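Student: I have not looked at this structure before. Can we go through it in short questions and answers?

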Amino acid sequence: MSYCSNCKQPISNEADRCPHCNSLNSKIDGILAKEAAEAEKNSFKGQMKTVFQADDKKQALLLQLKRAQQALTKEVLFTFFIVFVFIFAMTLTVI
Ligand SMILES: [Zn+2]
């Protein structure tokens with residue numbers, strides 16, 4: 001079951017037109033809205049929103065920090081790898 005984007009009444013997923021207001025309801029609109037919501041959820045703003053909306057704010061904040069730390073660690077490791085490869089290549093060139 002989905003909802004009309006115009007009048008917010010529940011409508012069948014198969015219906016192309018809303019039976020309440022007769023406005024077009026394409027499935028693409030629903031998919032786009034879902035993807036936008038997902039992207040919003042994964043953005044920094046969305047993550048902050050999740051923290052503020054959570055019942056246990058401390059727990060939610062810790063979870064988000066943990067997630068950020070994991071992402072940072074991967075990035076830092078990659079940077080170290082690049083630096084290491086660069087130094088290795090330089091050393092080989094000198095020798
Ligand atoms: Zn409608």
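Student: How many Å apart do the C-alpha centres of domain 1 and domain 2 lie?

Tutor: This is a predicted model. The protein is divided into domain 1, residues 1-42, and domain 2, residues 44-95. Between the C-alpha centres of these two domains the distance is 36 Å.

Student: Is Ser5 buried, partly exposed or exposed?

Tutor: Ser5 sits in the loop between β1 (2-3) and β2 (10-11). A residue needs 20 or more other C-beta atoms within 10 Å to be buried, and 12 or fewer to be exposed. Ser5 has 15 C-beta neighbours inside 10 Å, so it counts as partly exposed.

Student: Which residues does Ser5 touch, leaving out those up to four places away in sequence?

Tutor: Cys18 is 13 residues from Ser5 in sequence, and their C-alpha atoms are 9.0 Å apart in space. Contact is judged on C-beta atoms, which must lie within 7 Å. With residues up to four places away not counted, Ser5 touches Asn25 and Asp29.

Student: Phi of Lys8 is positive in a residue other than glycine; what value is it near?

Tutor: Lys8 is placed in the loop between β1 and β2. Lys8 is exposed because 11 other C-beta atoms lie within 10 Å, and the limit for exposed is 12 or fewer. Its phi is near 65°.

Student: Is Asn22 buried or exposed?

Tutor: Asn22 belongs to the loop between β2 and α1 (27-42). Phi of Asn22 is positive, near 65°, and the residue is not glycine. Within 10 Å there are 10 other C-beta atoms, so Asn22 is exposed.

Student: How many of the 38 residues of α3 are buried?

Tutor: Helix α3 covers residues 57-94 and reaches 55 Å from its first C-alpha to its last. That is close to the 56 Å expected at 1.5 Å a residue. The helix lies largely in the open, because the number of its residues that are buried is zero.

Student: Are α2 and α3 roughly parallel or roughly antiparallel to each other?

Tutor: The axis of α2 (residues 44-53) comes within 7 Å of the axis of α3, and the two cross at roughly 155°. Angles over 145 degrees count as roughly antiparallel. Therefore α2 and α3 are roughly antiparallel.

Student: How do the residues of the contact of α2 with α3 divide into nonpolar, polar and charged?

Tutor: From α2 come Gln47, Thr50 and Val51, which meet Lys57, Ala60, Leu61 and Gln64 of α3. These residues divide into three nonpolar, three polar and one charged.

Technical notes:
Residues are numbered from 1 along each chain as its sequence is written. This is a predicted model: local features need pLDDT of at least 70, side-chain atom pairs count only at pLDDT 80 or more; totals for chains, interfaces and linings use all residues. Domain bounds come from an automatic or database domain assignment. Helices (H or I, at least four residues) and strands (E, at least two) are DSSP runs, numbered from the N terminus. Two residues are in contact if their C-beta atoms, placed from the backbone, lie within 7 Å. The expected span of a helix is 1.5 Å times one less than its number of residues. Axes are lines fitted to C-alpha atoms, for helices over the stretch in contact, and angles run from 0 to 180 degrees between N-to-C directions. Angles under 35 degrees count as roughly parallel, over 145 as roughly antiparallel, 65 to 115 as roughly perpendicular and the rest as oblique. Ala, Val, Leu, Ile, Met, Phe, Trp, Tyr, Cys and Pro count as nonpolar, Asp, Glu, Lys and Arg as charged, and the others, Gly among them, as polar.
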